[in-house]
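Work through these exercises with the model open. Try each task before you read its solution.

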Amino acid sequence: MGLKQNLHSLREKYKGTKMAPAFNALHTFLYTPNDTAHGGTHIKAADDLKRTMNTVIMALIPCLIFGMFNAGYQHYVAAGEIEAVTSGFFSSEFWTLQNFSLGFWKILPILLVSYGVGLGVEFLFAVIKGHEVEEGYLVTGMLVPLIVPIDIPLWMLVVAVVFGVVIGKEVFGGTGMNILNPALTIRAFLFFAYPTWMSGDKVWVEGAVERTREIANGSTADAISGETILGSLAQSHGVDYSVMDMFFGFIPGSIGETSTLLILLGGLFLIFTKIGSWRIMLSSVIGALVMGYIFNLVVAAGWITDTSKFYGLMSTEFWHHLLIGGMAFGIVYMATDPVTASQTNKGKWIYGFLIGFISIMIRVFNPAYPEGVMLAILLMNVFAPTIDHYVVQGNVKRRLKRAKLKTA
Amino acid sequence: MGLLSKKDSKLILDPLADNNPITIQVLGICSALAITAQLKPSIVMAISVVFVLSVGNVVISLMRNIIPSKIRIIVQLIVVATLVIIVDQVLKAFAYSLSKELSVFIGLIITNCIIMGRFEAFALANKPWQSFLDGIGNAAGYGLILIIVGFFRELLGSGTLFGFKVLGDSVEKTGLYAIGYENNGFMVLPPMALIVVGLIIWVQRSRNKELIED
């Protein structure tokens, strides 16, 4: 009663003013408005944009919670204060309050900045342009904290979010009109603008940057560092994480991308609710496996030996690629973004396959940009309309041919 | 504007704003992206183009009645090429390091669409004095955008202006860097120049709605 009534009266109060869209958005965020249309007929399905967005957020929550535990776990393991996990996904060393609280207090500000700034920009544009607030940022705001390193300075995040929302989305006309995935635009901006904070072996574990600075100033504490697996492989270092660690996600990486298991569950949930496209997910996985397998064959044929700088990633077993880095996260939550992906079913297969294929190619051939999946998805976002165009044209041609055959 | 008639001053002022070669006609983009990572090359480029375009316009305009229209492009090319070589040699002689920095882009002024465009659209049909003003105006409009873009890219990308560390020293962490500020590496990459030009276009068109085309 209380909250809904309050929101409703607030909305009535600001009706017709410049600020109206902002209050409309708050009002309809979780509730259906009281009024019904009396003019023409409107068909409105229950799964409107807000409900769709909320469903994706539900699928992301496990990754977020896991990310909080993992942030603490990585910190304490790297600092040598606790032992590495040995006994499976429900290890008691991992799910401790100590781990969680460190991650929670570190990730909460990132989450708040992401939502605060992003929604601020959206509300601002809605008020200036005089349209309703679109819900596009709800998912973006949740994705952003999951795909950045834990030690990212908050002001950089502010700059990147403003850039991503304005340049990535609002200039094209807002939610539904954007060419590039806004969350990935934000990450790409961070990656190219502040590369020292987005790659290397210092940013993935909480406190590593701080500790390096202390040591430089004469502290005797042990250094903390944690390379991502991709980073190690790109430099042909050995990796001492087991496949199970990679699958469960007990590895350093961006906050929410490490646990392939939880991403898999989230993906299944999205497929079950018919919000994520299984065609894109499946074809991306196939694309990645094919490219990885080709590289494995190249290594097996002896064309690339361990003196080559590509050896580390090329010789990685092809299915490991799905477990490391942001591959799984990108495929499940980013590639399937309904706005920027291909719309046609055949187009989705092509789009997804190329994302997987190109991701692995970028990973292997450009160790400076180890996270190929980000660049691959952005690239395919640009090509998605072209793919759709040819799929549609192909269909038109085929049907014209059939029609001609009939009449002839 | 006592010196110039109203019509003449329009020739100079129009391309500075409402008919800007970069933001309205979208010409000469390539060099605007390539050399604007810093302010100094942007300004040198702007001056070079002012010289080439104003002198070139006068030369073409003087010859406009004797150039056979079939070979006019070749004649225009020879005129630009001559002027560009002069600029290139002068830079090499007096500002060698800058000429290194600008590398091929001085030579590529030849292919700058603004120059051939003005020759074709204006100098071939107008008297030398008007052509001269038109050349100054268009090149200055081009240069103005270059300098704006160069200003923001150097300030945000390297934290300097003309090489002076206006935001403090990024290595020794003084000034803004002491409180954790860092240079935006994206700013020095060419894509960001495109985005900055886009932002200028956005600002300009939202201030003057008549410029918005469908």
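**Exercise 1.** Leaving aside its neighbours within four places in sequence, which residues is A:Leu138 in contact with?

*Solution.* Start with the conventions. This is a predicted model, in which local features need pLDDT of at least 70, side-chain atom pairs count only at pLDDT 80 or more, and totals for chains, interfaces and linings use all residues. Residues are numbered from 1 along each chain as its sequence is written, while chains are lettered from A and ligands numbered from 1 in the order in which they are written.

Step 1. Apply the contact test: C-beta atoms, placed from the backbone, lie within 7 Å. A:Leu138 then touches A:Met53 and A:Ile57.

Step 2. A:Leu138 sits in helix H5 (residues 137-146) of chain A. Helices here are DSSP runs (H or I, at least four residues), strands are E runs of at least two, and both are numbered from the N terminus.

Step 3. Check burial. A residue is buried if 20 or more other C-beta atoms lie within 10 Å of its own, exposed if 12 or fewer, and partly exposed in between; C-beta atoms are placed from the backbone. A:Leu138 has 22 C-beta neighbours inside 10 Å, so it counts as buried.

Step 4. The C-alpha atoms of A:Leu138 and A:Gly2 are separated by 24 Å, and the two residues are 136 apart along the chain.

**Exercise 2.** How many residues of H5(A) are buried, and what covers them?

*Solution.* Step 1. Count. Ten of the ten residues are buried, so H5(A) is largely enclosed by the rest of the structure.

Step 1. List some. Among them are A:Tyr137, A:Thr140, A:Gly141 and A:Pro145.

Step 2. Find the cover. It includes helix H3 (49-78), helix H4 (97-129), helix H6 (154-168), H7 and H15 of chain A.

Step 3. Look at one of these covering helices. H15(A) spans residues 327-334, and eight of its eight residues are buried. A:Phe329 and A:Tyr333 are among them.

**Exercise 3.** Describe how H3(A) packs on H5(A).

*Solution.* Step 1. Two packed helices are described by the angle between their axes and the distance between the axes. Axes are lines fitted to C-alpha atoms, for helices over the stretch in contact, and angles run from 0 to 180 degrees between N-to-C directions.

Step 1. Read the values. The angle is about 15°, and the axes of H3(A) and H5(A) are 9 Å apart. The helices are therefore roughly parallel. That class takes angles under 35 degrees; over 145 is roughly antiparallel, 65 to 115 roughly perpendicular and the rest oblique.

Step 2. Name the residues. A:Met53, A:Val56, A:Ile57, A:Leu60, A:Cys63, A:Leu64 and A:Gly67 in H3(A) meet A:Leu138, A:Val139, A:Met142 and A:Leu146 in H5(A).

Step 3. Sort them. The contact of H3(A) with H5(A) has ten nonpolar residues, one polar and no charged. Ala, Val, Leu, Ile, Met, Phe, Trp, Tyr, Cys and Pro count as nonpolar, Asp, Glu, Lys and Arg as charged, and the others, Gly among them, as polar.

**Exercise 4.** Which elements of domain 1 of chain A touch domain 2 of chain A?

*Solution.* Step 1. Domain 1 is 48-275 and domain 2 is 278-408 in chain A. These bounds come from an automatic or database domain assignment.

Step 1. Count the contact. 34 residues of domain 1 of chain A meet 28 residues of domain 2 of chain A.

Step 2. Name the elements. Helix H7 (182-193), helix H10 (229-234), helix H11 (243-248) and helix H12 (260-272) of chain A each give two or more residues to the domain 1 side. H12(A) gives the most, with six residues.

Step 3. Sort the side. The domain 1 residues that touch domain 2 of chain A divide into 18 nonpolar, 14 polar and two charged.

**Exercise 5.** Is A:Lys274 buried or exposed?

*Solution.* Step 1. Locate A:Lys274. It lies in the loop between H12 and helix H13 (278-300) of chain A.

Step 1. Count. A:Lys274 has 11 C-beta neighbours inside 10 Å, so it counts as exposed.

Step 2. Check the backbone. Phi of A:Lys274 is near 60°, a positive value in a residue other than glycine.

**Exercise 6.** How many residues of chain A are in contact with chain B?

*Solution.* Step 1. Count. Eight residues of chain A contact eight residues of chain B.

Step 1. Find the main contributor. H7(A) gives the most to the chain A side, with three residues.

Step 2. Sort. The side of chain A that touches chain B has eight nonpolar, no polar and no charged residues.

Notes:
Two residues are in contact if their C-beta atoms, placed from the backbone, lie within 7 Å.
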